[in-house]
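I opened a notebook page for this structure and kept a record of each thing I looked up. The entries follow in the order in which I made them.

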Amino acid sequence: MPETTDESTFPFPPGHHGSPPAAYASRRETCPLAPVVLPSGDEALLATTFDDVREVHADSRFTRNLRYPDAPRMLPGSDISDDPHALVNIDPPEHTRLRRIVQSAFTPRRAEAWRPHIQSLAEELLDTIQTGTPPVDLLETFAFPLPINIICRLLGVPSEDSPRFRAWSDTFLSTSTAGAAERTKAGREFAGYVDALITERRRIPGTDLLDELINAHDVDDRLSEDELARMVRGLIVAGHETTGNVIGRGIIALLRHPEQLAALRDDPALLPGAVEEILRVEVPGHGGLLRVATESVALPSGGIVNTGQAVLAPVVAANYDSQHFPNPEAFDILRSGDTKHISFGHGPHFCLGANLARVELQVAIGAVIRSFPKLALACPVEDVPWISGSRICSPAQLPVTW
Ligand code: HEM
């Protein structure tokens with residue numbers, strides 16, 4: 001296996017319309033598990049096959065505890081791996097204890113119970129858009145406000161503060177546009193906001209997930225004060241950022257494939273399959289955080305991750321593995337066979353919000369299609385601006401007419 005490739009600096013530039021970097025496919029062919037240099041300057045092995053990526057996410061010999069001297073980092077300075085209280089940074093069995101506290105709020109049944117609220121909010125947002133004059137940025141007016149408002153309602157957080165959450169999480173997720181100092185400042189402001197919110201809710205309790213989490217600390221002693229605050233911040237960010245981007249990217253994908261959009265309009269029963277295909281190909285960024293091997297692990301491709309070595313397993317690379325998805329570049333809402341993508345991760349850190357995100361995506365895409373029979377991009381697709389310099393790869397705007 002070659003030691004390095006031409007494309008040795010991560011993240012690689014994305015392909016057309018935010019498609020995965022060509023380097024994933026070329027590496028998968030020639031060096032499926034090979035080193036990359038991260039923005040921090042540290043080195044990690046990059047997994048590119050479906051089976052390797054799934055294994056890295058599932059195998060308990062890979063740790064998310066990167067809080068030891070000289071631990072590898074994705075970004076220079078502080079980054080997401082520093083926080084000892086974030087669910088995604090903790091290994092089982094401690095992780096299992098924390099996850100149990102929130103799990104029941106995100107079951108398939110609870111997500112379904114949110115469907116009517118999501119539906120009426122989607123219709124409300126789209127009605128407002130229709131009273132305006134095209135073109136309108138569908139990201140700003142719909143794709144983000146929908147999941148932000150839902151996660152705020154679910155937690156019991158004032159949704160009028162949602163523009164601030166977006167600004168803070170944009171800063172956290174940036175790799176090069178925001179420096180370490182800016183990320184630290186955004187983190188402090190967000191933490192101050194959430195601390196104040198928890199104090200206020202202790203004074204005037206409610207019946208939301210926020211109250212359940214406060215009780216898990218105050219009454220049951222199952223959650224420390226730091227874990228409580230971190231859980232709330234984590235849910236606000238994770239609960240809207242990716243979903244908003246997938247809604248936006250999904251709409252662009254359908255507009256780029258008018259025959260599939262027409263089929264979906266004719267037969268709404270195709271919607272769940274369409275959403276799964278959108279999830280397979282339209283996850284923004286790379287998906288999957290840095291992990292370190294606690295002992296030497298042989299992966300299915302034959303590559304070895306040695307003890308102490310960092311490994312990156314992007315779900316996006318896995319979702320384009322032709323061994324798993326025939327003709328992976330093709331966007332096909334009627335895809336048959338094994339359509340099980342890995343966009344929500346796998347194993348202990350499998351996305352907590354997957355059920356909710358699926359309902360949100362189904363409602364959002366369905367509502368847009370129904371409300372706008374003549375939906376079109378307001379500019380040639382090549383002119384849609386994309387965000388660069390962020391771990392999230394997404395359109396900066398989604399200007400549409402109807
Ligand atoms: C389309 C939307 C979404 C996608 C593609 C997505 C994807 C992912 C992925 C890939 C992971 C695992 C990361 C890793 O193990 O390295 C993850 C974890 C997580 N996600 Fe999502 N997510 C989405 C929406 C949501 C929503 C709506 C929530 C709201 C609650 C959420 C909350 C979380 C949390 C809390 C974790 C950490 C779980 C743990 O460590 O146990 N996500 N997500």
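**Exposed turns**

I began with Asp70, which I count as exposed because its relative accessibility is 81%, and exposed requires over 50%. I keep in mind throughout that this is a predicted model. Looking at the backbone, I found that phi of Asp70 is near 65°, a positive value in a residue that is not glycine. I then placed Asp70 in the loop between strand 3 (62–63) and helix 3 (94–103).

I next turned to Asp221, which is not a glycine either and yet has a positive phi of about 60°. Asp221 belongs to the loop between helix 9 (209–218) and helix 10 (225–238), and with a relative accessible area of 66% it is exposed.

**The iron atom**

Which residue is the protein donor of the iron atom of the ligand? I found that Cys351 is the only one, with its SG atom at 2.3 Å from the iron. Tracing the chain, I located Cys351 in the loop between helix 14 (315–319) and helix 15 (354–371).

**Strand 2 and its partners**

I followed strand 2 (residues 43–47) and noted that four of its five residues are buried, so the strand is largely enclosed by the rest of the structure. Strand 2 pairs with strand 1 (residues 33–37) in the antiparallel sense, over five bridges, and within this pairing Val37 has Glu43 of strand 2 as its bridge partner. The hairpin made by strand 1 and strand 2 has five residues between the strands, and there I saw that Gly41 takes a positive phi near 95°.

I also checked for a further partner, and found that strand 2 runs parallel to strand 8 (residues 310–312), to which two bridges join it. Here the bridge partner of Leu45 is Val311 in strand 8.

**The nonpolar cores**

I looked up the largest nonpolar core, which has 90 residues, and wrote down Phe142 and Leu213 as those with the most contacts inside it. Helix 15 gives the most to this core, with eleven residues. Another core, of 36 residues, lies apart from it, and includes Ala44, Leu299, Ala317 and Ile342. As a reminder to myself, nonpolar side chains in soluble globular proteins tend to be buried together.

I then listed the contacts of Phe142, leaving aside its neighbours within four places in sequence, and these are Ala122, Leu125, Leu126, Ile129, Pro147, Ile247, Ala364 and Val368.

**Helix 6**

Is helix 6 (residues 145–155) largely enclosed or open, and why? I count it as largely enclosed by the rest of the structure, because ten of its eleven residues are buried. Just after helix 6, Gly156 takes a positive phi of about 90°.

**Cis peptide bonds**

Finally I looked for cis peptide bonds, and recorded one from Phe10 to Pro11, with omega near -5°. Pro11 sits in the segment before helix 1 (22–30). I recorded another cis bond where Pro134 and Pro135 are joined, with omega about 0°, and I placed Pro135 in the loop between helix 4 (108–131) and strand 4 (136–137).

Definitions and conventions
Residues numbered from 1 in each chain as written. Predicted model: local features only at pLDDT ≥ 70, side-chain atom pairs only at ≥ 80, totals over all residues. Heavy atoms only, no water. Donors = N, O, S within 2.8 Å, 3.2 Å for Na, K, Ca; no water. Buried < 20%, exposed > 50% of the residue type's maximum accessible area, 1.4 Å probe, protein only. Pairing = 2+ DSSP bridges. Core = buried A, V, L, I, M, F, W, Y, C linked by side-chain atoms within 4.5 Å. Contact = heavy atoms within 4.5 Å.
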